[in-house]
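Please consult the sequence and the structure as you read.

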Amino acid sequence: MEFSLGSVVVRLGLNSGPDEAHVDSITLFVALLCACILIGHLLEKNRWMNESITALFIGLCTGLIILLITKGKSSRLFLFNEELFFIYVLPPIIFNAGFQVKKKQFFRNFMTIILFGAVGTLISFIIISLGSVQLFNKLNIGFLDTRDYLALGAIFSATDSVCTLQVLNQEETPLLYSLVFGEGVVNDATSVVLFNAIQRFDLSHINSSTAMHLFGNFLYLFATSTLLGLAVGLVSAYIIKKLYFGRHSTDREVALMILMAYLSYIMSELFDLSAILTVFFCGIVMSHYTWHNVTESSRVTTKHTFATLSFIAEIFIFLYVGMDALDIEKWKFVSKSPGTSIGVSSILLGLVLVGRAAFIFPLSFVSNLTRKSQSDKIGLKQQVVMWWAGLMRGAVSMALAYNQFTKSGHTQLPGNAFMITSTISVVLFSTVVFGLLTKTLIKVLLPKTHSSNAVISELADSVDSKSLALPLLSSSRGKERESEVGRDRDNIPRPTSLRMLLSTPTHTVHYYWRKFDDAIMRPVFGGRGFTPHVPGSPTEGYLR
């Protein structure tokens with residue numbers, strides 16, 4: 001049978017929705033995913049390119065080809081569905097981020113991360129919303145109500161943690177990676193919670209009680225979402241530890257880990273909570289307890305499975321954003337006034353820059369007041385890198401914009417079309433320009449800290465792993481060493497608990513958490529050193 005690419009693409013352009021997508025479109029999209037991976041591998045050592053930018057360029061080129069072959073009818077293989085994005089594409093990315101995170105670095109900077117991710121996002125939200133109200137009135141872009149302006153604040157406050165984490169390196173810049181990564185996850189969760197709260201509240205009469213109600217709802221969602229993620233993670237650890245599926249079938253325990261991880265996300269969506277926070281903390285708990293309760297082969301399988309699913313989802317997102325950027329339906333509304341479109345995009349980009357700077361530098365100053373060690377403080381150069389790395393906007397902003405300004409993937413109102421095209425412009429510009437320059441910026445501002453930070457991080461993790469393993473060894477030698485370490489620690493004079501908490505809050509909380517974890521949590525839920533000693537069980541030597 002003769003194969004014609006032109007006929008395939010024409011059929012793709014006639015599809016009316018994702019449910020009616022022909023097998024040709026799926027085949028072509030999978031082929032494009034393979035091409036992104038291959039080209040990204042060839043450009044791996046390039047100082048400018050990364051997989052995200054590669055996928056964007058391939059998506060743009062593919063969209064242009066489809067647009068030319070279909071004679072301007074379509075540039076996409078599928079219609080963008082924000083529900084598809086939030087239900088299927090985003091969960092593996094966020095879960096793997098929590099599953100692979102270096103917990104010591106993350107929780108060491110937890111208060112700073114919350115400060116940037118929650119308080120900082122609220123500051124950015126206010127600046128972007130108020131700035132849009134003041135500046136858009138001078139442009140003729142159609143009618144936008146209060147809900148639209150507040151939605152814009154939430155949409156453009158969401159940083160793109162996926163692209164940022166591909167730019168930074170966890171080993172080279174552990175502090176920066178921990179802060180940007182943690183802030184990115186909390187930021188996305190905060191932005192989504194704010195967006196959902198805006199859709200839920202009556203904004204016809206905004207007053208102080210409405211603002212307090214909105215803030216209280218945010219705290220409720222943050223707390224309950226986190227607790228749900230912790231609960232599902234602990235349940236999975238307890239089930240696998242008690243039943244120990246690995247004695248009979250490693251496939252069952254791998255399947256259970258994957259399904260329990262996804263269950264946490266779906267349950268959060270079912271209860272109208274922040275699924276991003278839920279699945280992230282579920283990933284942390286499962287890596288701390290559940291992962292150590294499975295067999296060695298299951299550990300390797302789950303670790304690579306989660307990373308692979310996350311990687312494919314990331315490529316999928318940027319490939320689609322690149323193709324959707326050339327959708328003719330949106331651009332025909334703004335083609336008559338390109339100057340206005342450029343003005344809206346420029347205003348939004350400027351507000352993103354200002355909103356980011358408005359909380360990074362002041363909150364870094366506040367954070368440094370609580371850090372007594374000079375090496376732990378966030379320097380000015382690091383603050384500049386954080387500000388720059390967090391300027392990128394991506395799939396979360398796209399999904400929220402589609403949710404607010406389109407209906408079933410289609411745009412009918414001129415004002416909404418301006419918002420969609422401006423969102424696409426900001427996402428493309430920030431991802432390409434800021435993404436390309438971030439690696440170079442880090443090398444210029446922090447040229448000598450990469451190797452030293454990596455060595456310090458490795459030593460810290462090695463010492464921490466050994467110190468954690470000491471009280472958990474079952475051999476007599478381990479018990480003797482534990483008792484010696486315990487006697488040495490007991491001989492060290494310690495200040496009162498209150499004084500410790502006030503002087504070194506992070507280290508104090510970590511100290512008491514480890515005591516609680518070793519005495520109560522690990523014996524019940526398993527983890528490093530508490531795995532079942534039966535044939536086929538994990539060995540201590542394999543523990544990371």
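Q: In which hand, left-handed or right-handed, does H9 pass H10 in their crossing?
A: The model is predicted, with local features requiring pLDDT of at least 70 and side-chain atom pairs pLDDT 80 or more, while totals for chains, interfaces and linings use all residues. Residues are numbered from 1 along each chain as its sequence is written, and side-chain values use heavy atoms, without hydrogens and water. A crossing is left-handed if the near helix is turned anticlockwise from the far one by less than a right angle, and right-handed if clockwise. The crossing of H9 and H10 is right-handed.

Q: Are H9 and H10 parallel, antiparallel, perpendicular or oblique to each other?
A: Helices are DSSP runs of H or I with at least four residues, numbered from the N terminus. Axes are lines fitted to C-alpha atoms over the stretch in contact, and angles run from 0 to 180 degrees between N-to-C directions. H9 (residues 174–200) and H10 (residues 208–243) have axes 10 Å apart at an angle of about 130°. Angles under 35 degrees count as roughly parallel, over 145 as roughly antiparallel, 65 to 115 as roughly perpendicular and the rest as oblique, and the pair is therefore oblique.

Q: How many charged residues has the contact of H9 with H10?
A: Contact means heavy atoms within 4.5 Å, and H9 contributes Val-186, Thr-190, Val-193, Ala-197 and Arg-200, facing Leu-214, Asn-217, Phe-218, Leu-221 and Phe-222 of H10. Ala, Val, Leu, Ile, Met, Phe, Trp, Tyr, Cys and Pro count as nonpolar, Asp, Glu, Lys and Arg as charged, and the others, Gly among them, as polar. By these classes the contact has 7 nonpolar and 2 polar residues, and the charged number 1.

Q: At roughly what angle do the axes of H3 and H13 cross?
A: H3 comprises residues 51–69 and H13 residues 296–324. Their axes come within 7 Å, and their crossing is right-handed. The angle is roughly 40°.

Q: Is Ala-55 buried or exposed?
A: Ala-55 lies in helix H3 and touches Cys-36, Ile-315, Phe-318 and Leu-319, leaving aside residues up to four places away in sequence. Buried means under 20% relative accessible area, exposed over 50% and partly exposed in between, with a 1.4 Å probe and protein chains only. At 0% relative accessibility, Ala-55 is buried.

Q: How many disulfides does the structure hold?
A: A disulfide is a pair of cysteine sulfur atoms within 2.5 Å. The closest cysteine sulfur to that of Cys-36 is in Cys-34, at 9.2 Å, too far for a bond. The number of disulfides in the structure is 0.

Technical notes: Helix = DSSP H or I, 4+ residues; strand = E, 2+ residues; numbered from the N terminus.
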